[in-house]
Amino acid sequence: MTDYSKMSEDQFRQMVRDFISENLPPEMAARWKKMYHPYKPDVVWWTSKLNEVGWSVPGWPVEYGGPDWTIAQRHIFEEEVFLAGCPALSPQGLTLVGPVICHYGTPEQKDFHLPKIRSGEIMWAQGFSEPNAGSDLAALQCRAVRDGDEYVVNGQKIWTSEAHYSEWVFMLVRTSTEGKKQAGISFLLIDLDTPGITIRPIISIDGGHELNEVFFEDVRVPASNLVGEENKGWTYAKELLAEERTFSAEVKRHKGQLRRIKNIARETKIRGRPLIEDPHFQRRLAQLEIEVLAHEATLWRVVAEEEAGILGAAPTPSILKVRGTELVQRLGALMIEALEEAGLPYYAEHDYFLTEPADPPGRPDAYGVSSDFMFRRSLTIYGGSNEVQRNIIAGQLLRN
Amino acid sequence: MGMKVLPTEEQVMFRDAAARWVEQEAGSGADMAAQWGQFAELGWLMVAIPEDQGGLDGNVYDNAIIAEELGKGLVAAPYVGVAVTATQLLLALAPERAEAVASGEEIPLVAHVEAGQGGDPSWVETTATQAGDGWSLTGTKTAIIGAPLATSFLVSARTPDGKIGLFEVAADAAKVREYLLFDMRPAGDLVLDATPATLISSDALSAIEFALDCEHVVESAEAVGVMQTAFDLTKDYLNTRQQYGQLIGQFQALQHRLADMFIELEQARSVVLRGLDALVRNGPDRSAMAAACRVKVAQAGHFVGAQGIQLHGGIGVTEEYPVGHHFRQLIAFEMRHGGAGAQVERYASMMEL
């Protein structure tokens, strides 16, 4: 196995770039750069491609196939694959439930699930949020009642990304109503083909389909699909989120957006002059680029501190999430504005992702811009809304 | 990601020493000249000077660590102006002079900024003409922080061949119009009217640009210190002040404001590290990063200072209470070198398009 620890950051980056240029088909990169929703065939193919060199699971322990990258190397990898237009790996299996199974799964769970997650053969959805448990996730009510060797699950999950083409879902379910609400939650793995499960699409304001509602009616799940101990699920879920504490910074997306804004502004001509040459536009772009520079430097600080084993008292994951997501939205707003009227047509994903209609309106560099802009309103809502993040930040500050 | 983040052991020592000095000495009533002697004794003026020129062989990181602590205590003595801007300029153009600055014997200040410069280091209207064996300068240099303390000024001026030269004018040989800035720091204008001057370099622009980039970043570090105290005061106030029968820190509107202040403070701290990294690498992005640093810290400082006052309520606008003093110095920082708006424009002119 390659010893990545001996590599400089530049060498590592070059290695990733070389791999991408050898393996990523240009037409796939072109469609992913439009920034529509994930497209399963591409995702599965790219996951298996990465798995061949052990790169599909950068965050996993070495004994389960992780490449033992540093946190800095993981960020470099993420940035390079994103900017090159590689298909976005589905995080639910690879970065969320995978590490949980590595740490808490039974030998049978590990043997069955981990290879299939690594290779992309099985895709996962995350069943956490419910209609009445969003920001207040621990209020979840989807019940799992033990009945012999099985759990019987009843309830509803919502905002379930990619459930419509996933094979499995990992769930937080209520197994007890006694004590604190966090203490009665368990972590359960469910095959989405099990009878009693209904998946309904939620179409988002971009016209796309990534989100779903999932209904469970007397769904019988083998008790062997429980992860770890009953009523300890909240702890596992928290650890799972803590593992990924620096990966919600979105710096790779900001860099891609800045690049795309500049490309668009070179093409947009206002009264005959490229928008990119307009001093007022340049200043607004400069302002955002400066914000990204500062934000990226915060990410570097946090990564360096993590690698040195310093976990400061500061609520850094929340800072990265709040600023990172808000910058994505501000950059998206400048991008759509830079398109002028060419940004207005509805470039529907089903018409523009794989193909292009005859005689399309607007311009090709506009495809996907408004869709992405619309869908990214969700960034400041999911994963703990930015208001909840601010509560967390202030709570830590005022306690110290 | 190769940016240096964690301080060395030596830098931690400097930081602790500077913090102690600010706590014990800064408010002791000693005048600026006495304070300057202490800076020299503590070695703070020589941190960035190479060993063979009598210095401690460090770099601008060490300056930044000290400047941040001085900022926390709103120390008015022109540490950055002398130990960074003037020292870097001399190291580039007259390195043999650095030792006398390090010892505190000489206190040169850079006189470069002119009204209407807009943050562009190459816009110099002061003129230099040859007079016999020497030179004489005409023009006005403005807003020189710490001017009353200076023993001499390092003055940029345009020479007859159109280049920007660097000259030295002794403080007692020139007219210095002394005044206070609105943050109460002593400052002054250097009013030159065929004033005799000594030539240091006849082609100094790139050295001036480097020294000013250092000033942008280290002054930003100082401003982060100013901001940190404003933030700490505000946080403590939210934890002590009661209204409507509860601590005001229990109101969510104020909690969220505090969270936003903290985010801005941390972004400012990060961008300073990035600016320092750019100075040490001295690559093609150096000036752009220095400008970005100044912009981000200035805007963050404005926000943190202003919200610090707002969250204090009435006491925040009183002379008696310190949070407003921090706001004043942050606004002064924002307004220097053409103001943050001009620096955004400067960044835009250097940005990769």
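Tutor: In chain A, 14 residues of domain 1 are in contact with 17 residues of domain 3; contact means that the C-beta atoms of two residues, placed from the backbone, lie within 7 Å. On the domain 1 side, helix H4(A) contributes the most, with seven residues. By class, this side of domain 1 of chain A has seven nonpolar, three polar and four charged residues. Here Ala, Val, Leu, Ile, Met, Phe, Trp, Tyr, Cys and Pro are counted as nonpolar, Asp, Glu, Lys and Arg as charged, and the others, including Gly, as polar.

The model is predicted, so local features need pLDDT of at least 70 and side-chain atom pairs count only at pLDDT 80 or more, while totals for chains, interfaces and linings use all residues. Residues are numbered from 1 along each chain as its sequence is written, and chains are lettered from A and ligands numbered from 1 in the order in which they are written.

The domains of chain A are domain 1 (4–89), domain 2 (124–231) and domain 3 (245–399), with bounds from an automatic or database domain assignment. Taken over C-alpha atoms, the centres of domain 1 and domain 3 of chain A are 21 Å apart.

Now to H4(A) itself. Helices are DSSP runs of H or I with at least four residues, strands are runs of E with at least two, and both are numbered from the N terminus. The end C-alpha atoms of H4(A) are 18 Å apart, which agrees with the 18 Å that its 13 residues should span at 1.5 Å a residue; the expected span is 1.5 Å times one less than the number of residues. Gln73(A), His75(A), Ile76(A), Phe77(A), Glu78(A) and Val81(A) are buried in H4(A). A residue is buried if 20 or more other C-beta atoms lie within 10 Å of its own, exposed if 12 or fewer, and partly exposed in between. The buried residues of H4(A) pack against helix H1 (9–23), helix H8 (251–267) and H9 of chain A. Just after H4(A) comes Gly85(A), with a positive phi of about 85°.

Further along, Thr95(A) is part of helix H5 (residues 91–104) of chain A. Thr95(A) counts as buried because it has 20 C-beta neighbours inside 10 Å.

Taken as a whole, chain A has 13 helices and 10 strands. Its C-alpha trace spans about 75 × 50 × 50 Å along the principal axes. Buried residues account for 42% of its 400 residues. Of the contacts in chain A between residues at least 6 apart in sequence, 75% join residues at least 24 apart.

Chain B is likewise assigned domains: domain 1 (9–106), domain 2 (109–203) and domain 3 (207–350). In chain B, 14 residues of domain 1 are in contact with 13 residues of domain 2. The largest share of the domain 1 side, six residues, comes from H4(B). That side of domain 1 of chain B has 11 nonpolar, two polar and one charged residues.

Helix H3 (residues 60–72) of chain B has 13 residues. 13 of the 13 residues of H3(B) are buried, so H3(B) is largely enclosed by the rest of the structure. After H3(B) comes Leu74(B), with a positive phi near 50°.

Lastly, strand S2 (residues 127–131) and strand S3 (residues 134–145) of chain B run antiparallel and are joined by five bridges; strands pair if DSSP finds at least two bridges between them. S2(B) and S3(B) form a hairpin with two residues between them, and Gly132(B) in the turn has a positive phi of about 65°.
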